Amino acid sequence: MKQLTKAEEEIMQILWQLKEANVATIIEEMPEPKPAYNTVSTIVRILENKEFVDHRKKGKGYIYFPIVAKETYSDQSMMKLINNYFNGSFKSMVSFFMKKNEMDTKDLEAILKEINKGDK
């Protein structure tokens, strides 16, 4: 799966939230300063070429919708992060975040409980 740029990911986050939208609606959901219509339209077409988004015709325009689930992209991105920065070691990643975020034992225990729930 291809990686998204920051701008592409911002638009995908909006489409994942809304489920479908035209370019004008996507722009409405974006923070100030709002990008130009043509900029967003171009990014959406790039997302179509990358096979993250598809469209259907509605009147004179198009409605865009995600064809890659947010969870699928998140899983792939997380695996890439672990592989590229932590040599594929989940343990190294957790250790890194514990040190950087000053997590305590209670936080780690809560995470382990959540992980164990998923195993059942």
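Me: Which residues make the nonpolar surface patch?
Reply: F90, I111, L112 and I115 make a nonpolar surface patch of about 340 Å². A patch of this kind joins nonpolar side chains (Val, Leu, Ile, Met, Phe, Trp, Tyr) within 5 Å, taken from residues with over 30% relative accessible area and no salt bridge. The areas come from the Shrake-Rupley method with a 1.4 Å probe, and for residues only the protein chains shown count as cover.

Me: What kind of model is this, and how are residues numbered?
Reply: This is a predicted model, in which local features need pLDDT of at least 70 and side-chain atom pairs count only at pLDDT 80 or more, while totals for chains, interfaces and linings use all residues. Residues are numbered from 1 along each chain as its sequence is written, and side-chain values use heavy atoms, with hydrogens and water left out.

Me: Back to the patch: which helix gives the largest share?
Reply: Helix α6 (residues 105-119) does, with 3 residues. Helices here are DSSP runs of H or I with at least four residues, strands are runs of E with at least two, and both are numbered from the N terminus.

Me: How many salt bridges does the structure hold?
Reply: The structure holds 3 salt bridges, where a side-chain nitrogen of Lys or Arg is within 4 Å of a carboxyl oxygen of Asp or Glu.

Me: What does K50 pair with?
Reply: K50 forms a salt bridge with E8, and their closest N and O atoms are 2.7 Å apart. The pair links distant parts of the chain, 42 residues apart: K50 is in the loop between α3 and β1 (53-58), and E8 is in helix α1. E8 is buried at 5% relative accessible area, whereas K50 is partly exposed at 21%.

Me: And which residue forms a salt bridge with R56?
Reply: E20 does, with the closest N and O atoms 2.8 Å apart. R56 lies in strand β1 and E20 in the loop between α1 and α2, so this pair ties together parts that are 36 residues apart in sequence.

Me: How far apart are K117 and E114 in helix α6?
Reply: K117 and E114 are 3 residues apart in helix α6, about one helical turn. Their side chains meet in a salt bridge (3.2 Å, N to O). K117 counts as exposed at 56% relative accessibility, and E114 as partly exposed at 49%.

Me: What is L47 in contact with?
Reply: Leaving aside neighbours within four places in sequence, L47 is in contact with L4, E8, I11, M12, F52 and V53, contact meaning heavy atoms within 4.5 Å.

Note on methods: Patch = residues over 30% accessible without salt bridge, like charges linked within 9 Å, V, L, I, M, F, W, Y side chains within 5 Å. Buried < 20%, exposed > 50% of the residue type's maximum accessible area, 1.4 Å probe, protein only.
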